[in-house]
Amino acid sequence: MINLPACAAWPKDKTVIAPSILSADQLVLGEQIKQAQQGGADWLHIDIMDGHFVPNLSFGPATVKAIDGFTALAQDVHLMVEKPADFIAPFIKAGASSLTLHIESKGDIKQLLKGIKAQGLSCGISIKPDTKPCDIAPYIDLIDLILVMSVYPGFGGQAFLPSSLKQISDIRDMIKAGGRAIWLEVDGGINKDTAAKAVEAGADALVAGNAVFGQSDIKEAIAQIRQAAEIK
């Protein structure tokens, strides 16, 4: 397991780029991950879907375990699942670097987050586009990461929702008011055109799927997103 770096220790002028393997060619996943790492990716984003919380299925612990032994990139695991309590232990065992739970999932989310922290992992909360940022408040003193979905979760390739910019900005204000360094990550429709808008609104970590793995030159695609996300 490779730990997710602490937000407070990260260079303030460097936005995290986290390619999402949901958009990778699964027949050559290892090679594409290798290209992403060589291209300067900071983390890998792993979307876990159960076919209930979202109408799609994706990866299991076996994929995370295989990646853990293949790359030096941290695995940012996003549990888009109805009952996260059933998934936490298997993914910790597989080598996840962090686990992000949806606030809209079932179960005692606060206790689940505490359990993740007790195992030495970073933990995060994610919200859908229609969820109010203020709903995060009960967890703000516990979490290491907040993930704003800038599309409706379940499928890759969707366009960035402009309404997400207000969510990002409001959550950035919440983080500042809380006084703790918390990653603010954005996932959905991120590309070289939307990256700057997300960073300007307050994001410091960007998940990109098709904009990286859907391109013929993965390294160049990451470079273009990073250039667009640079804080001047």
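Strands (E, at least two residues) and helices (H or I, at least four) are DSSP runs, numbered from the N terminus. This is a predicted model, in which local features need pLDDT of at least 70 and side-chain atom pairs count only at pLDDT 80 or more, while totals for chains, interfaces and linings use all residues. Residues are numbered from 1 along each chain as its sequence is written, and side-chain values use heavy atoms, with hydrogens and water left out.

How much of β6 is buried? 5 of its 5 residues are, so β6 is largely enclosed by the rest of the structure. Buried here means under 20% relative accessible area, with exposed being over 50% and partly exposed in between (1.4 Å probe, protein chains only). Both faces of β6 are covered, with L145, L147 and M149 buried on one side and I146 and V148 buried on the other. As background, side chains in a regular strand alternate between the two faces of the sheet.

On to the next neighbour: β5 (residues 122-127) runs parallel to β6 (residues 145-149), and 4 bridges join them. Along this pairing, G124 stands opposite L145, and I125 stands opposite I146.

β5 has 6 of its 6 residues buried, so this strand too is largely enclosed by the rest of the structure. One side of β5 carries S122, G124 and S126, the other C123, I125 and I127, and all of these are buried. β5 also pairs with β4 (residues 98-102) in the parallel sense, over 5 bridges. There, H102 stands opposite S126 of β5.

Which strand partners β1? β1 pairs with β8 (residues 205-208) in the parallel sense over 4 bridges, and the bridge partner of I17 in β8 is L206.

## Two nonpolar cores

A nonpolar core is a set of buried Ala, Val, Leu, Ile, Met, Phe, Trp, Tyr and Cys residues joined through side-chain atoms within 4.5 Å. The largest one has 62 residues, and I21, L99 and L206 touch the most other members. A second, separate core has 14 residues, including L4, A74, M149 and V151.

Which residues does I21 touch, leaving aside neighbours within four places in sequence? Its contacts (heavy atoms within 4.5 Å) are Q26, L29, I33, L44, H45, I46, F59, T63, I67 and F213.

## Where α1 meets α8

The axes of α1 (residues 29-38) and α8 (residues 218-229) come within 8 Å and cross at roughly 40 degrees. That makes α1 oblique to α8; angles under 35 degrees count as roughly parallel, over 145 as roughly antiparallel, 65 to 115 as roughly perpendicular and the rest as oblique. The contact is made by Q32, Q35, A36 and Q38 of α1 and I218, K219 and I222 of α8.

I222, in helix α8, counts as buried at 0% relative accessibility. Beyond four places in sequence, I222 is in contact with I17, P19, A36, G39, G40, A41 and V212.

A41 lies in the loop between α1 and β2 and is buried, with a relative accessible area of 8%. Not counting residues up to four places away in sequence, A41 touches I17, P19, A36, L73 and I222. A41 and K219 are 178 residues apart in sequence and 8.7 Å apart in space, C-alpha to C-alpha.

Methods:
Pairing = 2+ DSSP bridges. Axes fitted to C-alpha atoms, helices over the stretch in contact; angles between N-to-C directions.
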